[in-house]
Amino acid sequence: MVLPILETERLRLRELHILDAKAMFEYASKDEVTKYVLWDTHTSLRQTKQFLKLMNKKYLEGYLAWAITLKESGTFVGTIDFVTLDRTARIAEIGYTISDNYWGKGIVSEATQELINFGFKELHLERIYARCFAENIGSERVMQKVGMTYEGTLRKGIFAKGAYHDLKIYAVLREDFKKQIAQEMRRIHNGKMGCL
């Protein structure tokens with residue numbers, strides 16, 4: 001599958017390129033950004049370039065990962081992907097990382113919502129979920145904002161960076177997504193009726 005370009009009001013999600021290395025290294029080299037991800041802080045630009053080269057190989061295997069860029073300027077600000085994708089079971093997990101320069105601006109929520117739309121409409125998924133370290137409040141807020149439901153905490157659910165971590169898990173099902181669409185259509189319709 002060729003990676004499709006996805007667009008939202010403010011964002012353009014596209015394939016990752018080696019030219020993104022400098023912008024990626026700028027945030028991937030910061031401990032405060034990598035604190036809650038499974039990969040280690042990047043220590044050199046070369047390491048970031050190696051990661052991007054690996055991503056290009058994974059595209060050939062059908063891996064779905066996007067660069068998050070600002071539509072207006074083309075600025076690369078982060079990544080979002082289906083960390084796991086089981087096409088047979090029609091279940092996928094979303095993961096994301098964004099530069100600390102763009103925290104708190106709703107960018108990850110906007111990108112995640114677009115991936116959810118793509119997952120249900122184009123990949124015909126039945127379940128999309130996301131996980132975060134229990135103390136990662138920012139990531140948890142993203143999951144809540146896009147309409148995911150809290151399903152529980154996996155105690156010591158993962159061993160990463162030399163320690164066990166509790167993981168909070170959120171998910172949205174196809175039927176939840178359909179209800180959200182229906183509610184949005186009603187809201188739009190009622191708004192238009194109010195203007196008559």
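A residue is called buried when its relative accessible area is under 20%, and by that criterion 44% of the 196 residues of the protein chain in this predicted model are buried.

The protein chain contains six helices and eight strands, which follow one another along the sequence in the pattern β-β-α-α-α-β-β-β-α-β-α-β-β-α. Its radius of gyration is 17 Å, close to the 16 Å that the globule rule gives for 196 residues, so the chain is as compact as a globular protein of that length. Among contacts between residues at least 6 apart in sequence, 62% join residues at least 24 apart.

The overall values for the protein chain are collected here.

| Property | Value |
|---|---|
| C-alpha box along the principal axes | roughly 60 × 40 × 35 Å |
| Accessible surface | about 11,300 Å² |
| Share of that surface from carbon and sulfur atoms | 53% |

Seven aromatic pairs are found in the whole structure; one of them joins Trp66 and Phe118 in an edge-to-face arrangement, at 5.7 Å centre to centre and with 80 degrees between the planes. This pair links distant parts of the chain, as Trp66 belongs to strand β3 (residues 65-70) and Phe118 to helix α4, 52 residues apart. Tyr63, in turn, has Lys58 over its face, at 4.2 Å from the ring centre.

Notes
Residues are numbered from 1 along each chain as its sequence is written. This is a predicted model: local features need pLDDT of at least 70, side-chain atom pairs count only at pLDDT 80 or more; totals for chains, interfaces and linings use all residues. Side-chain values use heavy atoms; hydrogens and water are left out. Rings of Phe, Tyr and Trp (its six-membered ring) pair if their centres lie within 6.5 Å; planes under 30 degrees apart count as stacked, over 60 as edge-to-face and the rest as tilted. Helices (H or I, at least four residues) and strands (E, at least two) are DSSP runs, numbered from the N terminus. A charge sits over a ring if NZ of Lys or CZ of Arg is within 6 Å of the ring centre and within 35 degrees of the ring normal. The radius of gyration is taken over C-alpha atoms; the globule rule is 2.2 Å times the number of residues to the power 0.38. Buried means under 20% relative accessible area, exposed over 50%, partly exposed in between (1.4 Å probe, protein chains only). Contact means heavy atoms within 4.5 Å. Accessible areas come from the Shrake-Rupley method with a 1.4 Å probe; for residues, only the protein chains shown count as cover.
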